[in-house]
4 protein chains.
Amino acid sequence: MFSPVYVKRVLGPCYDNWKRLYADDALAVHQAHLTCLVERGIVEATTGTSIARAIVAMESDFAWPQSIPEGVEDLYFVFERELGNRIGEESAAYLHTARSRNDMDTTVFRLALKRSLQTLAHEVLGAIRTAQRRAAGPGSEKLMVLYTHGQPANVSTLGHYLAAVAADLAEGLEELVASIGAVDRSTMGACAITGSGFDLDRVRVGALLGLDSIVTNTYQAISSSHWLTRPACALEAMLCDLVRVSADLFHKASCEVGLLDFPDALVQSSSIMPQKRNPVIIEHLRIQAGMAMGSCATIRELFRAAPYQDVNEVADAPVSAFIDSLGTAASAFALFAETVAGMEPNEARAREIALRFGVTTTELADEMVRRAGVGFRTAHRACAAYARSGGDLAELRASFQSIAGRELPFSDAQIAAILDPAHFVEVRRLAGGPAPEGMAVALAGLAESLDRSQSALQAMDEAGQRAKAELSAAWNALLDAGRDD
Amino acid sequence: MFSPVYVKRVLGPCYDNWKRLYADDALAVHQAHLTCLVERGIVEATTGTSIARAIVAMESDFAWPQSIPEGVEDLYFVFERELGNRIGEESAAYLHTARSRNDMDTTVFRLALKRSLQTLAHEVLGAIRTAQRRAAGPGSEKLMVLYTHGQPANVSTLGHYLAAVAADLAEGLEELVASIGAVDRSTMGACAITGSGFDLDRVRVGALLGLDSIVTNTYQAISSSHWLTRPACALEAMLCDLVRVSADLFHKASCEVGLLDFPDALVQSSSIMPQKRNPVIIEHLRIQAGMAMGSCATIRELFRAAPYQDVNEVADAPVSAFIDSLGTAASAFALFAETVAGMEPNEARAREIALRFGVTTTELADEMVRRAGVGFRTAHRACAAYARSGGDLAELRASFQSIAGRELPFSDAQIAAILDPAHFVEVRRLAGGPAPEGMAVALAGLAESLDRSQSALQAMDEAGQRAKAELSAAWNALLDAGRDD
Amino acid sequence: MFSPVYVKRVLGPCYDNWKRLYADDALAVHQAHLTCLVERGIVEATTGTSIARAIVAMESDFAWPQSIPEGVEDLYFVFERELGNRIGEESAAYLHTARSRNDMDTTVFRLALKRSLQTLAHEVLGAIRTAQRRAAGPGSEKLMVLYTHGQPANVSTLGHYLAAVAADLAEGLEELVASIGAVDRSTMGACAITGSGFDLDRVRVGALLGLDSIVTNTYQAISSSHWLTRPACALEAMLCDLVRVSADLFHKASCEVGLLDFPDALVQSSSIMPQKRNPVIIEHLRIQAGMAMGSCATIRELFRAAPYQDVNEVADAPVSAFIDSLGTAASAFALFAETVAGMEPNEARAREIALRFGVTTTELADEMVRRAGVGFRTAHRACAAYARSGGDLAELRASFQSIAGRELPFSDAQIAAILDPAHFVEVRRLAGGPAPEGMAVALAGLAESLDRSQSALQAMDEAGQRAKAELSAAWNALLDAGRDD
Amino acid sequence: MFSPVYVKRVLGPCYDNWKRLYADDALAVHQAHLTCLVERGIVEATTGTSIARAIVAMESDFAWPQSIPEGVEDLYFVFERELGNRIGEESAAYLHTARSRNDMDTTVFRLALKRSLQTLAHEVLGAIRTAQRRAAGPGSEKLMVLYTHGQPANVSTLGHYLAAVAADLAEGLEELVASIGAVDRSTMGACAITGSGFDLDRVRVGALLGLDSIVTNTYQAISSSHWLTRPACALEAMLCDLVRVSADLFHKASCEVGLLDFPDALVQSSSIMPQKRNPVIIEHLRIQAGMAMGSCATIRELFRAAPYQDVNEVADAPVSAFIDSLGTAASAFALFAETVAGMEPNEARAREIALRFGVTTTELADEMVRRAGVGFRTAHRACAAYARSGGDLAELRASFQSIAGRELPFSDAQIAAILDPAHFVEVRRLAGGPAPEGMAVALAGLAESLDRSQSALQAMDEAGQRAKAELSAAWNALLDAGRDD
């Protein structure tokens with residue numbers, strides 16, 4: 001009999017996790033394992049069919065006890081006991097031939113985690129697609145001022161800015177999708193840690209479960225943390241990008257900067273300050289991303305204290321917490337998408353900031369180099385004097401004269417044209433720059449990256465469907481084979 | 001004039017970092033950028049050649065000042081000033097046409113970090129190869145007991161165990177090598193954040209620098225953290241595996257367990273306890289891995305507080321600290337290799353533990369299922385009674401009789417043969433199991449993984465050599481072109 | 001109207017948190033604030049009484065809507081609206097005079113967190129008391145071998161070992177209890193961030209709520225993270241000690257070492273390995289401690305990205321997650337107590353290890369220094385030779401002779417007495433050593449530390465009771481005052 | 001002979017650390033230990049004196065070898081060997097009676113770390129004093145706008161803001177100073193882990209070393225991490241506050257917000273953007289704080305993987321890295337002080353923001369409640385309409401009329417007076433508010449907190465001086481005692 005404290009603190013919560021999250025996947029593992037045991041002649045067909053039929057019967061007329069029954073370690077033993085009640089303990093136990101809870105459990109956890117990660121990845125893709133659409137769609141050419149070190153630096157466009165954000169997130173998504181590959185591997189047949197003397201077909205069991213490959217080394221299969229830590233790290237990295245983006249949006253949305261407007265639907269008021277309009281959605285995005293980062297870090301750090309053995313760090317408590325936290329991550333991405341979809345660049349304000357803070361003088365300096373026959377340092381100095389003067393053309397001319405030793409060869413109208421914020425963007429046609437020619441290259445790269453992720457996710461979904469059908473056919477064959485007896 | 005505190009705390013250390021780590025890469029960037037400025041007609045050939053010659057002259061007769069000169073921000077301005085002294089400020093400044101410190105610096109940092117990561121990856125590969133050799137080489141078949149949840153679980157071999165460790169590390173190495181891809185990208189042409197109105201060839205500049213591609217979006221090029229955080233996370237994950245392995249080795253090497261012996265060359269004594277022989281190399285492996293993990297985490301966490309803009313988190317202070325910490329990581333891997341190369345499995349002790357703690361009764365239970373016509377649960381129960389009795393055959397027979405209702409159909413000799421530790425391994429022939437047949441599959445997968453990493457590293461090295469030659473040729477052409485004048 | 005995404009992802013979960021965790025504390029804040037508004041003449045008594053009566057009525061006949069009503073930001077607005085429905089919006093709003101949600105909310109969160117931390121601290125105290133009892137109680141003198149660098153180092157006792165563990169935890173508990181002081185402060189009257197022009201009594205409001213003091217600076221009151229981060233860090237540190245202890249117990253409980261036996265009630269079996277008896281409670285202790293550490297770290301790290309302003313990091317989402325995670329921490333401590341209460345030192349095994357690995361030769365060396373007239377290095381060398389020989393007395397004598405140049409002046413019986421493990425303990429009477437004389441000092445210090453924590457917790461409980469009574473009296477007076485009208 | 005890899009990666013760096021950081025403290029430990037060995041009659045006076053004289057001689061004529069000599073574990077063995085060369089190995093070894101490297105080393109590390117923490121704490125105190133001076137000194141009354149959720153919320157003053165920052169940091173400093181108490185304890189006499197059979201006086205040895213107390217339990221003395229982790233956590237928390245403050249300053253210093261001006265001495269330019277004036281000191285403050293946080297976290301996390309035993313995590317590699325990183329922390333605080341000392345609030349801009357964004361309408365609403373006989377919700381609504389109108393008085397009057405059903409009883413001049421930013425501050429006289437009356441309370445609390453830390457640090461310094469004198473006297477007595485022979 002287990003200690004009541006142990007039941008309350010360990011076995012009970014474990015049983016609850018299994019009921020809530022893993023019972024269906026465990027069933028699939030039973031089906032695939034039993035199918036193969038019979039296919040390989042390890043368990044006789046009649047025994048196999050009798051077990052299979054009992055399992056099918058249980059699906060319709062058995063309910064898991066509310067809480068863990070006394071003296072039982074876990075949900076699997078409840079299952080095996082019930083199976084034993086129906087067809088005899090001896091027969092029931094054949095299901096567990098050439099299998100341990102070690103390989104069974106990690107495979108079940110991998111199935112559940114894989115599904116949750118697939119769902120999350122689709123949601124993340126959707127959120128980035130929202131940013132991509134705004135970066136490529138109508139209004140993407142609207143002017144924005146972008147910053148370096150917190151100060152206005154260059155004029156650019158909404159599209160250029162969002163395409164950068166989306167590109168960094170798209171890189172992260174490729175990592176996240178690739179990390180599912182570390183989950184997508186069967187450990188069946190690893191048994192405790194050294195496999196079995198029974199002649200299983202490890203690849204076949206994995207394939208029936210829709211898993212892409214097997215973890216070959218049986219000790220690694222049970223001991224490795226990668227199927228948890230790799231997705232956790234990939235997700236954590238993306239969330240950190242979200243936090244960074246939120247801090248940048250926060251500044252642009254502050255009322256003194258005013259480069260981004262928010263609709264009322266995303267703004268909260270103050271209970272005491274009548275004037276307040278807080279786009280706190282950006283804060284909540286930061287917080288939810290931060291909390292989900294914390295969950296990822298929890299997973300990551302757990303393994304620092306876990307010897308390279310079979311440990312319960314790869315068991316239900318951490319796995320369930322991780323799966324649950326994916327919902328927080330998805331929520332953060334939903335807030336990101338809502339923010340990006342709802343915010344509106346204030347182009348007039350962008351022009352105002354650009355001109356007031358001399359943002360476009362970089363271009364003026366460049367034009368001096370190109371067309372006024374001076375080097376960059378001379379041009380830079382004359383423009384700095386102009387910026388410091390608050391935009392005084394006389395000062396500009398005087399300064400140029402004194403530094404370059406000749407007259408500035410631009411008319412006032414030419415200077416105005418050069419300093420025009422739209423012109424600043426227009427000439428930045430280099431690959432990846434804000435002009436349409438530059439954006440085309442960047443957007444193409446972004447689309448390719450997102451399409452790669454989308455294709456990979458679709459392929460995963462389709463492979464899953466095919467495997468489900470194959471398992472179902474094999475299982476029905478097993479049930480029917482019995483029917484002929 | 002900068003504040004003395006600012007010079008002491010920021011500009012001075014920055015200048016020192018640049019002198020120590022980045023001056024050579026900055027030179028390469030000057031060469032590649034100038035070459036392309038001339039190639040694209042942005043800077044006239046004569047000006048280009050004059051700059052190039054002055055740079056070459058500086059290589060032989062200019063030394064960086066000991067500490068940062070007064071009133072100067074950084075090493076680049078020292079360089080540009082010196083260049084100006086030689087060919088006139090106006091001419092010198094043409095070098096900085098269509099360039100900002102933003103794109104120049106991140107490209108320089110990427111070059112330096114890439115090189116350091118390549119070196120580290122080669123060292124890591126070497127360490128894993130050491131484990132691979134022991135896993136595949138003579139003595140790899142020596143018996144070990146492996147553990148689950150800290151208790152002896154199965155008999156296996158040194159090779160099986162080390163192959164698992166190596167396979168997990170090899171997966172990590174593939175990630176680490178792939179992460180260099182995030183570093184291996186040029187940001188030249190991004191200028192401040194929006195590129196330039198000058199008609200640069202961004203791809204050509206990157207290629208001359210030996211970088212694999214460009215970061216297309218110019219805002220992303222300056223703002224992204226991925227070139228720092230991806231390698232940091234990949235490395236951190238590998239180091240965590242090392243920590244896990246060290247904890248497992250620690251247990252196996254403890255004198256009561258005694259499965260691993262250590263040569264005197266790796267053992268320290270006690271200044272007070274005459275009997276002590278501490279294989280503290282395992283502890284130092286854990287500590288150095290842990291300290292390097294801390295450095296990776298520092299990089300990772302820095303960005304949580306950095307808005308998605310151009311920030312100094314991608315500048316010399318964090319980059320230099322990260323580069324320096326790669327040495328600690330390399331040291332941890334060297335200790336791992338030394339440990340793995342030096343330790344010797346104590347096979348006699350493995351047999352002793354196996355028999356004393358009933359480790360091989362799993363196989364006895366399996367044989368009962370296979371050959372005694374009972375289900376797994378019956379077999380399991382009889383064997384548990386046997387294990388509890390401390391290996392009393394009479395108890396085994398009695399227990400089997402009472403549970404199965406018939407006599408155990410094995411002779412004492414048969415039982416002994418079944419329980420033999422070597423037999424336990426021999427029958428575990430499944431893919432990835434410890435028997436030679438199983439190991440062959442696992443070792444093949446391991447070799448493929450390591451070969452992939454090795455090929456990728458070699459390809460990187462070769463591409464680097466080719467680019468170096470190309471840049472050298474272009475640079476010489478520029479110098480010579482001038483010579484015709 | 002708020003965006004549906006925002007309601008689903010932010011406002012809805014916030015409302016649910018408030019209903020579940022904070023509604024009662026919000027009521028107390030309403031009571032204390034209103035009482036003081038009337039006491040200071042800011043709100044007229046009749047208005048105050050009418051509000052108070054409506055609040056009392058709501059307690060009996062109002063239920064929070066199942067989910068957040070449309071167009072409402074949070075639970076407070078639901079409350080204020082309902083109050084308005086009863087006594088008119090105009091009257092109802094007087095309750096919010098000189099108050100903001102900022103100061104109200106953080107005070108509510110502090111009340112809830114303080115209560116949860118008090119509960120946790122009592123549970124932690126109980127767990128450490130369990131260790132203290134075993135360290136001081138019957139059986140505490142049982143011999144154990146203790147380790148340095150994973151190797152057997154000295155003979156000691158169960159009591160000495162557990163007293164060390166308990167002393168480190170007791171230090172941690174003092175920190176944890178002290179950290180409640182950072183929570184135990186009222187922010188009422190800080191309003192948004194600069195206080196109010198109304199003449200409140202900030203100290204009085206805090207006292208009525210049972211809070212120990214106020215956060216004086218009103219900006220700090222709203223912006224500080226310390227009331228969250230200090231307890232999180234204090235708890236995280238304790239949990240890390242638990243993780244360290246679990247790793248040490250893990251080794252001592254492994255069957256080859258065998259220094260600690262576990263009762264069946266704390267041991268799990270294997271579904272495949274008949275011989276396995278896993279005291280996995282130690283692992284679950286490690287995991288739960290690690291998961292709770294992760295939650296503490298999440299809180300800690302959140303603030304790295306939060307400007308020093310009023311931010312939602314100090315609001316319901318993180319606070320609720322932190323409160324919930326205290327349950328995980330409590331569970332880890334419960335497992336620790338159960339482990340410590342249930343484990344039994346195996347004294348015979350301790351003696352065996354001590355003699356087999358020469359653990360007590362340190363004492364033999366000391367005795368040589370004391371009574372054989374040699375220096376420590378000579379003694380150490382002779383004893384090392386003896387240990388290496390596996391305990392061969394002849395070797396000892398020969399070695400001593402050859403190093404010291406004279407005969408070892410101890411008889412075989414004397415040597416045996418010196419090497420006796422119990423003797424080793426007996427002579428270690430220094431303060432803090434394992435002999436009863438040494439233990440008395442250590443246990444006294446431990447008791448004082450735990451008593452300090454206990455007294456502080458009791459004082460907190462009693463102050464809370466007194467404040468509750470005072471608030472209740474003031475509130476009733478307000479209700480009654482109205483009754484006279 | 002140790003393995004070359006082990007020497008290069010472990011023993012060599014360890015030896016270098018000891019030479020650089022610990023040799024002097026080791027000497028003090030030798031002096032204190034030897035003094036007490038003689039005082040307690042454990043070592044004869046003549047032997048003691050001879051050892052003491054040899055040590056003194058070594059101080060003048062012995063130099064540590066450049067690198068670790070072959071076959072030696074560490075600096076201590078080099079020292080003991082040299083001592084042996086002078087007075088015979090036998091005599092020399094008496095110094096190590098009743099001592100192990102375990103207790104000796106941790107005491108040495110504690111001495112070195114304590115000194116480094118004292119230095120840091122003084123520097124941190126100085127930095128906070130800078131903020132305190134500006135918060136209390138001339139110009140502290142200058143108006144600032146303070147923010148909630150990134151939006152302008154209330155008018156306040158430079159003093160109020162800096163006093164809040166300083167108060168949070170002062171709380172952190174009290175923790176940091178208190179944490180030195182965990183370092184300030186001697187472990188001498190703990191020997192390996194169980195103390196000694198020799199009759200030492202553990203308290204006396206500690207006192208001679210200037211340590212405040214002893215770690216009583218000898219196992220805890222060697223195994224505890226608290227002397228490293230507590231200061232690391234206390235410092236990490238302060239640094240996180242710095243990061244938060246830097247983010248807030250960053251926003252206030254951005255040119256669109258413009259509430260803080262920076263002198264040229266703290267501003268960097270752009271090499272490409274002529275208009276840029278970046279107060280990047282704020283960024284470097286954030287980065288250096290973040291990097292030092294990483295070092296603290298490294299220490300903290302190391303112990304997660306270290307069993308509760310004597311481990312090398314409490315040895316030179318982590319301790320030295322931690323000591324070195326205190327310099328980075330000090331640098332971050334120096335940048336904070338320089339920032340706070342150099343920045344100037346732009347009061348005109350504060351007024352402008354206040355009026356433009358309706359920041360003072362909170363006060364108008366309050367005045368309506370006080371003097372216009374309406375409830376808070378009515379007042380809030382009328383003011384919100386006014387704020388939305390961009391400050392149109394007619395709209396205010398109309399809105400008040402329509403909501404309250406009567407005329408707003410304030411003249412235009414009265415409204416202007418109410419809305420005046422200075423008035424907003426003036427009336428906020430509550431404890432901790434920005435008016436002088438409120439500030440007096442907050443500043444008094446701040447001064448008390450800083451004075452507590454300062455007194456504690458001074459007491460520590462003085463105790464250190466006294467102990468140094470006492471040890472010197474005892475040591476000289478030992479040398480002289482010898483002289484009488």
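## A helix pair from chains C and D

The crossing of α9(C) and α9(D) is right-handed. Sorted by class, the residues of the contact are four nonpolar and two polar, with no charged residues. The model is a predicted one.

Two packed helices are described by the angle between their axes and the distance between the axes. Here both helices run over residues 226-253 of their chains, and their axes come within 11 Å and cross at roughly 155 degrees. Angles over 145 degrees count as roughly antiparallel, and α9(C) and α9(D) are therefore roughly antiparallel to each other.

## Chain A as a whole

Chain A contains 18 helices and six strands. Its radius of gyration is 31 Å, whereas the globule rule gives 23 Å for 485 residues, so chain A is more spread out than a compact globule. The C-alpha trace of chain A spans about 105 × 50 × 40 Å along its principal axes.

Of the 485 residues in chain A, 65% are buried. Among the contacts in chain A with a separation of 6 or more, 76% are between residues 24 or more positions apart.

## A helix pair inside chain A

How are α5(A) and α11(A) oriented to each other? Helix α5 (residues 101-136) and helix α11 (residues 316-342) of chain A pack at an angle of about 10 degrees, and their axes are 9 Å apart. Angles under 35 degrees count as roughly parallel, and α5(A) and α11(A) are therefore roughly parallel to each other.

Residues of α5(A) in this contact include Phe109(A), Leu113(A), Leu120(A), Glu123(A) and Arg134(A). From α11(A), the residues they meet include Val319(A), Ile323(A), Phe333(A), Phe336(A) and Val340(A). By class, the contact of α5(A) with α11(A) has 18 nonpolar, three polar and two charged residues.

The contact between chain A and chain B takes 81 residues from each of the two chains. On the side of chain B, helix α9 (residues 226-253) gives the largest share, with 11 residues. That side of chain B is made up of 37 nonpolar, 31 polar and 13 charged residues.

Between chain A and chain D, 34 residues of chain A are in contact with 34 residues of chain D. On the side of chain A, at least two residues each come from β2 (151-157), α9 (226-253), α10 (281-302), α13 (361-371) and α14 (376-388). The largest share, four residues, is that of α14(A). This side of chain A has 17 nonpolar, 11 polar and six charged residues.

## One residue: Glu171(B)

Glu171(B) lies in helix α6 (residues 158-183) of chain B. Is Glu171(B) buried or exposed? A residue counts as buried if 20 or more other C-beta atoms lie within 10 Å of its own; Glu171(B) has 22 within 10 Å, so it is buried.

Leaving aside residues up to four places away in sequence, Glu171(B) touches His226(A) and Ser449(B). Although Glu171(B) and Leu446(B) are 275 residues apart along the chain, their C-alpha atoms are separated by 8.9 Å.

Definitions and conventions: Residues numbered from 1 in each chain as written. Chains lettered and ligands numbered in written order. Predicted model: local features only at pLDDT ≥ 70, side-chain atom pairs only at ≥ 80, totals over all residues. Contact = placed C-beta atoms within 7 Å. Nonpolar A, V, L, I, M, F, W, Y, C, P; charged D, E, K, R; others polar. Rg over C-alpha atoms; globule rule 2.2 N^0.38 Å. Buried ≥ 20, exposed ≤ 12 C-beta atoms within 10 Å, placed from the backbone. Axes fitted to C-alpha atoms, helices over the stretch in contact; angles between N-to-C directions. Parallel < 35°, antiparallel > 145°, perpendicular 65-115°, else oblique. Left-handed = near helix turned anticlockwise from the far one by under 90°.
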